[in-house]
2 protein chains.
Amino acid sequence: MIKVLVIGAGAIGAFYGSLLAKAGAEVSVVCRSDYDQVKQHGFIIDSHPLGRWNFTPAQVLKNTADFKGTTDYVLLCTKVIPTLDRVVLIRPAVAENTAIVFIQNGVEIEQEMLDAFPNNELVSGLAFICCNRVGPGEIVHLAYGRLALGNLPNGISDKTAQLCELFNQSGIECKATEDIVTGRWQKCVWNAPFNPLSVLSGGLPTLDILQTQESFVRSIMQEVCSIAAASGHALPDDIVNINIEHTYAMPPYKTSMLLDYENGQPMETEAILGNALRAAQRLGVAAPHLESVYALMKLRELKLTIEKIERG
Amino acid sequence: MIKVLVIGAGAIGAFYGSLLAKAGAEVSVVCRSDYDQVKQHGFIIDSHPLGRWNFTPAQVLKNTADFKGTTDYVLLCTKVIPTLDRVVLIRPAVAENTAIVFIQNGVEIEQEMLDAFPNNELVSGLAFICCNRVGPGEIVHLAYGRLALGNLPNGISDKTAQLCELFNQSGIECKATEDIVTGRWQKCVWNAPFNPLSVLSGGLPTLDILQTQESFVRSIMQEVCSIAAASGHALPDDIVNINIEHTYAMPPYKTSMLLDYENGQPMETEAILGNALRAAQRLGVAAPHLESVYALMKLRELKLTIEKIERG
């Protein structure tokens, strides 16, 4: 039986973990915040496209070190934020044959994993999903859900193909891709404008942003394309147009960064904007619009920190 | 006796009007929001550097059209915002020999006045002051107060020199300048970064902004210098450095735009950023950082408008 350990069982981790359990894998979870609830009652997954089900993990753990046995896959689904050390978090569960899969946001988040686990299979994953935690152990999957998986530095291993197969069996589309790093930049084309603009505007949904500041959005997208190309991951020529058209067609949408902001949670500013900008600087690519948006996010975060300290 | 009509007697208008009254001019005011209070009791000016005094205007008016007689100077001190037509506001008080003086923020705010009043003397003014309305008819002058006045398109007329003299007699420094339009760009070097960044950060004072994002602040300042130069108003080479040093030396300061934002008042986004950016586009000057900050201010304003509508 295929064994999976989900680390960071928030909305994304619990949802995708539950799908693998549905498809027949033995799925355990490390979940901190909802530990008591999940230990006693498991998760309730309420998926608008796929129905409602309970997910009872094989092991429910507070810490990765408590995991008993070995796992075929570690599925890392935390946010990528500076205060959370991804390597330390997963290391206790990584054995010789463990494939490390991370379904996370951001660009250039691969190297620290490659450095820390040079002898393990590393699989980078992207989730295109609208999915929220609505209460302890309670996840609502609103729409979408497509996954893209691919090995690092590139290619598709048997284990990756097997994981894709499991996801596809469970009812969600999962595509294995030869060049997942390019896929990561591709996702950043959308994330880099809409995530910070939704926060800095004070909470506008995507459609309002696009309707009033399309040319600004395009400038940021174009800069991400230039950085991606300079880093050896050229994106399709029409990607900016496609993203714009696609966003006009979407229902008005609150970005993940805006949800984090509204819930007082840390935001993935560094993973999405900071890393892209550091790549730009390293590669000598001008990215003044991205730079502005990043600087403003850092100021907004500083103000939030000051407010937290003042509240005591 | 020299006659002055102050139009827009908020903090700035009431303060400078009261100084001219102290110096012996006959000063009337048009003030809408505090009309009843001011009509009955005049203004109380509480100046930390200059002391406390009452200012009883000669005429207190709700509308410019109610003004009786003719005035030597119209002193326009409103904010410059798209919903307020400055020409319409002052026209009823502008007679043949009336000098029109505007003490207002922003760049490229001259042309509509030149177009509307081609035969009047036009005086452009800049106030470097920290001054707030703290209650109906009650103004607190916290610090600074220097004025710069100059004729349009340039030069210093006798009437301008006379007005300067009155201000200097009253205890505030007023300098007549041959090239006030350049002075306006010079002030914009500071306003263009600090005003919007204080708002978009959610309320940071100037020092926090500078300490964490100095290079971003410098980029915006440099773009304003480039636009000013392209429009024929080259600024001194060291102006960015001087502004940076000066701001480090200032006590942490809430910008006027931040105060407007916090008080739910319209902000001078167009006068300061929009006009600078339109000049950049007209003159073919690249200003991507300024463009970003402007776009984000427009998004923030859109969100504020939506919130107002939702509150009903």
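Me: Where is Pro153(B) found?
Reply: Pro153(B) sits in the loop of chain B between strand S9 (138–151) and helix H5 (158–169); helices (H or I, at least four residues) and strands (E, at least two) are DSSP runs, numbered from the N terminus. This is a predicted model, where local features need pLDDT of at least 70, side-chain atom pairs count only at pLDDT 80 or more, and totals for chains, interfaces and linings use all residues. Residues are numbered from 1 along each chain as its sequence is written, chains are lettered from A and ligands numbered from 1 in the order written, and side-chain values use heavy atoms, leaving out hydrogens and water.

Me: What joins Pro153(B) to Leu152(B)?
Reply: A cis peptide bond, with omega about 0°.

Me: And what about Leu152(A) and Pro153(A)?
Reply: A cis peptide bond there too, omega about 0°. Pro153(A) lies in the loop between strand S9 (138–151) and helix H5 (158–170) of chain A.

Me: What's the phi of Glu108(A)?
Reply: Near 50°, a positive value in a residue other than glycine. Glu108(A) is in the loop between strand S7 (99–103) and helix H4 (111–116) of chain A.

Me: Which residues does Trp185(A) touch?
Reply: Leaving out residues up to four places away in sequence, its partners include Glu108(A), Val107(A), Val224(A), Ile227(A) and His233(A). Contact means heavy atoms within 4.5 Å.

Me: Last one: where is Tyr144(B)?
Reply: In strand S9 of chain B. Tyr144(B) has a positive phi of about 60°, although it is not a glycine.
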